[in-house]
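This report walks through a two-part reading of one model, from the overall dimensions of its chains down to individual side chains. Please keep the sequence and the coordinates at hand while reading.

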Amino acid sequence: MQSLDTLAHTNPWRRRHPAEKAVLAFGLLGCAVALPPWPGALLVGAVALAALLGPVGLVPAALWRAMRAPLVFVAVGSLPLLVAVGGDPLVRFAPEGLGPAAGLAGRAVAALLCLILFAVTTPLSDTLPRLERVGVPPAVVEVAALVYRLLFLLLATASTVREAQARRLGFRTWATTYRCVAAQAGAIFVGAFDRARRLEQGLALRGYTGSLRVQVPSRPVSPAFLACSVGLVGAVVGCATVLG
Amino acid sequence: MHIAEGYLPPLHAAAWTVVAAPFVVHGARAVVRQVRADPDSKLLLGAAGAFSFVLSALKIPSVTGSSSHPTGVGLGAILFRPPVMALLGTIVLTFQALLLAHGGITTLGANAFSMAVVGPWTAYGVFVLVRALGGGLSVGVFLAAALANLATYSTTSVQLALAYPDAASGVLGAIVKFGSIFAITQIPLAVSEGLLTVLVVRLLRQVSLPELTRLGVFRRPAVSVKEA
């Protein structure tokens, strides 16, 4: 998880306004989902992949790490389309499902690439403070921002606890493994509320009034980038319509 | 297991977003009211959300020989209540999509409905029912966590079956197909999560009773501290 967040903070598009990247990534995502898989998914996938490996500068190994787990779901979720239930025999291979399964897998992979395009270029710390401008209640935005800030600390705590347990041979049997994982959860719970209490005390000493607003760096929206993004999405739709 | 980005057809993705929205909005209103009444609770809610996220990242052993992750919805619902979990769960799912590429933005509504609505309400309902019937804390926690896990994945199976019905037997056949595939891992995992949640709650009672009391876990008569 930290690698995706790290990439988002270090990639060449880091200083761009989140809206620019949202128009490109979610515009392509809309195409991936709404256009027919052939040729829509292929075009969207190719454009997103070219953007990721080109201007964004993502190395293939990092992309593969990000895609591994979701691809397992795509593979497992596509399998049932190759099986028919009912009739004689009750369960049989359905060759007519090959096309839909391939289309589904293609669409999901293309959409996943679009999601990763946004995720590796836009840190959540840039997106969250701007959500208020699109109508999300400030209290909800602030809770989400706190979750974001605390979760890295808690993940580090969990990792440290796990390492210490492993060094004490805590995972040698099922019983000890369950006890260790429960202790990890307990340590995280205690750590989370300890952090919250310390934040509460620290903020109270600084005259906390109930608002956790932070300064958001001003980043002008680039009309050229926006125009290119809209043009690219339009071109994908046009090509898919002509080829389809 | 989250429904991956782009897996659902657009109409289904939109429909599940509409179905989940009232629960999430209700949760958001509850949180806004709570924060307005007690600004400090914002920090507690942030801690609760981060805890839910990290809980779902813990590795638990599975009887299939591999390891997997708990959903955390059972424990979350017992600790923080279903309306709050609807919002926190949706925030966590959004973070999982953008930080881990697990789940997605177009499938957020469907995932939120199964993991942030159905799972927590099942857990909470089972927990309160078991306690009201005189069941022990451990029994209530185990059943709440295990059944919440199963309810979450059953809902996911139904969502997938509605999107991709079987050519011969329709939606029912598709439910059997998707359910059978997920059952191989999910039934053992539900038992694992139930056992783990019992251990966690027992541990928290020993080391974090003030926090649990502040959260109201042991306050109401239906869920009193009395261990059977």
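Predicted model: local features only at pLDDT ≥ 70, side-chain atom pairs only at ≥ 80, totals over all residues.

Residues are numbered from 1 along each chain as its sequence is written, chains are lettered from A and ligands numbered from 1 in the order in which they are written, and side-chain values use heavy atoms, with hydrogens and water left out.

## The two chains

Secondary structure is taken from DSSP runs numbered from the N terminus, with helices (H or I) needing at least four residues and strands (E) at least two. On that basis chain A has 9 helices and 2 strands, which follow one another from the N terminus as α-α-α-α-β-β-α-α-α-α-α. The radius of gyration of chain A, taken over C-alpha atoms, is 23 Å, well over the 18 Å of the globule rule for 244 residues, so chain A is more spread out than a compact globule; the rule itself is 2.2 Å times the number of residues to the power 0.38. Chain B has 8 helices and 2 strands, in the order α-α-β-β-α-α-α-α-α-α along the sequence. For chain B the radius of gyration is 17 Å, close to the 17 Å that the globule rule gives for 228 residues, so chain B is as compact as a globular protein of that length.

The table sets out further values for each chain; there, buried means under 20% relative accessible area, with exposed over 50% and partly exposed in between (1.4 Å probe, protein chains only), and a contact means heavy atoms within 4.5 Å.

| Chain | C-alpha extent along principal axes | Residues that count as buried | Contacts (at least 6 apart in sequence) that join residues at least 24 apart |
|---|---|---|---|
| Chain A | roughly 65 × 55 × 35 Å | 47% of 244 residues | 73% |
| Chain B | about 55 × 40 × 30 Å | 61% of 228 residues | 70% |

Chain A is divided into domain 1 (2-122 + 221-243) and domain 2 (129-205), with bounds that come from an automatic or database domain assignment. The centres of domain 1 and domain 2 of chain A, taken over C-alpha atoms, are separated by 31 Å.

## Nonpolar cores

A nonpolar core is here a set of buried Ala, Val, Leu, Ile, Met, Phe, Trp, Tyr and Cys residues joined through side-chain atoms within 4.5 Å. The largest such core has 113 residues, and those with the most contacts inside it are A:Ile116, A:Leu117, A:Phe189, B:Phe51, B:Phe80 and B:Phe95. Helix α7 (residues 138-167) of chain A gives the most to this core, namely 14 residues, and at least three residues come from each of domain 1 and domain 2 of chain A.

What does B:Phe51 touch, not counting residues up to four places away in sequence? Its contacts are A:Leu154, A:Ala185, A:Ile188, A:Phe189 and A:Ala192 in chain A, together with B:Leu75, B:Leu79 and B:Phe80 in chain B. A second, separate core of 31 residues includes A:Leu82, A:Ala101, B:Trp16 and B:Ala151.

## Aromatic rings

Rings of Phe, Tyr and Trp (its six-membered ring) are paired if their centres lie within 6.5 Å, and planes under 30 degrees apart count as stacked, over 60 as edge-to-face and the rest as tilted. There are 11 aromatic pairs over all chains. One of these pairs, B:Trp16 with B:Phe113, is tilted, at 5.4 Å centre to centre and 35 degrees between the planes. This pair links distant parts of the chain, 97 residues apart, since B:Trp16 is in helix α1 (residues 10-37) and B:Phe113 in helix α5 (residues 108-132) of chain B. B:Trp16 is buried at a relative accessible area of 13%, and B:Phe113 is buried at 16%. A:Phe73, B:Tyr7 and B:Tyr164 form one aromatic cluster.

## Single residues

B:Thr71 is found in the loop between β2 (67-68) and α3 (73-80) of chain B, is buried with a relative accessible area of 14%, and touches B:Ser56, B:Asn149, B:Tyr153 and B:Glu193, residues up to four places away in sequence not being counted. A:Leu43, in helix α3 (residues 37-53) of chain A, is partly exposed with a relative accessible area of 23%.
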